[in-house]
Amino acid sequence: MLRTIYANFEEYLCVTLCAGMILCLALQVSIRMIWGSALAWTEELSRYCFIWTVYIGMSLATKRLAQVRITAQFLKMPLKMRLFFRILSDMICVAFNVMIAWYAWEVIRENYEFPEISPTLGIVKAHVEMSIPCTFLLTSWRIIEIYLRRIKEGTLYSLVKNVGEEDTDGYA
């Protein structure tokens, strides 16, 4: 059970947050059509759900190896060289993510000391802003996890193989 939750963590969160966002917006539209005025909190809650969904989606794309990459410049390189540049780019990405998480946390820490309260829900906005360091660290972990799993399975080179490429170097 815990393994399933861990394996599908981003999916569960994205579905839950999207469902919450859709329900809030449907309620907003329904109330507006029936009574002619709207509930203020539904718009704010749907906005916060959207923010969290976008950032969690970044981690989900990384976990599924679906993040945007420009790889055409590596197509003609040998497999080992492609793997080197893939690892290098992922290390840079992890370092960037950790740096963003660090600076975001510094700002959020200050926002906890001097809290800004959201207008309709009455929550501390720093809770919403926590999406940035949490998801950037989660994305970094998912990148590292991919390498750990591929090394364990012996399929590290499959990260950089071209479609239909022969296994000429004898690497899995």
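Which element gives the most to the lining of the second largest pocket? The legends below begin with the model itself and reach that pocket at the end.

This is a predicted model, in which local features need pLDDT of at least 70, side-chain atom pairs count only at pLDDT 80 or more, and totals for chains, interfaces and linings use all residues. Residues are numbered from 1 along each chain as its sequence is written, and side-chain values use heavy atoms, with hydrogens and water left out.

**View 1. Helix α6 from end to end.** Let's start with α6, which covers residues 131–153; helices here are DSSP runs (H or I, at least four residues), numbered from the N terminus. Its 23 residues should span 33 Å at 1.5 Å a residue, and the end C-alpha atoms, 32 Å apart, agree with that. The expected span is 1.5 Å times one less than the number of residues. Gly 154 follows α6 and has a positive phi, near 75°.

**View 2. Helix α3 alongside α6.** The axes of α3 (residues 40–63) and α6 cross at roughly 10° and come within 8 Å. Axes are lines fitted to C-alpha atoms, for helices over the stretch in contact, with angles running from 0 to 180 degrees between N-to-C directions. The two helices are therefore roughly parallel to each other (the term covers angles under 35 degrees). Contact means heavy atoms within 4.5 Å; among the residues making it are Trp 52, Tyr 55 and Met 58 of α3 and Phe 136, Leu 138 and Ile 146 of α6. By class, the contact has 11 nonpolar, 5 polar and 2 charged residues. Ala, Val, Leu, Ile, Met, Phe, Trp, Tyr, Cys and Pro count as nonpolar, Asp, Glu, Lys and Arg as charged, and the others, Gly among them, as polar.

View 3. On a 1 Å grid over the protein atoms alone, a cavity is a set of points where a 1.4 Å probe fits but cannot get out, and lining residues have an atom within 4 Å of a point. A search of the whole structure finds 1 cavity of 30 Å³ or more. Its lining includes Arg 69, Arg 86, Asp 90 and Tyr 147, and α6 gives the most, with 3 residues. The lining divides into 4 nonpolar, 2 polar and 3 charged residues.

**View 4. The largest pocket.** A pocket is an open set with protein on both sides within 12 Å along at least five of seven lines. This one holds about 270 Å³ of space. Of its 14 lining residues, Arg 69, Thr 71, Phe 74, Arg 86 and Val 160 lie nearest the centre.

**View 5. The second largest pocket.** Here the volume is about 150 Å³, meaning the space filled by probe spheres set on grid points, which are joined across faces, edges and corners. The answer to the opening question is α4, which gives the most to this lining, with 4 residues. Cys 93, Phe 96 and Asn 97 are among the lining residues.

Terms used: Angles under 35 degrees count as roughly parallel, over 145 as roughly antiparallel, 65 to 115 as roughly perpendicular and the rest as oblique.
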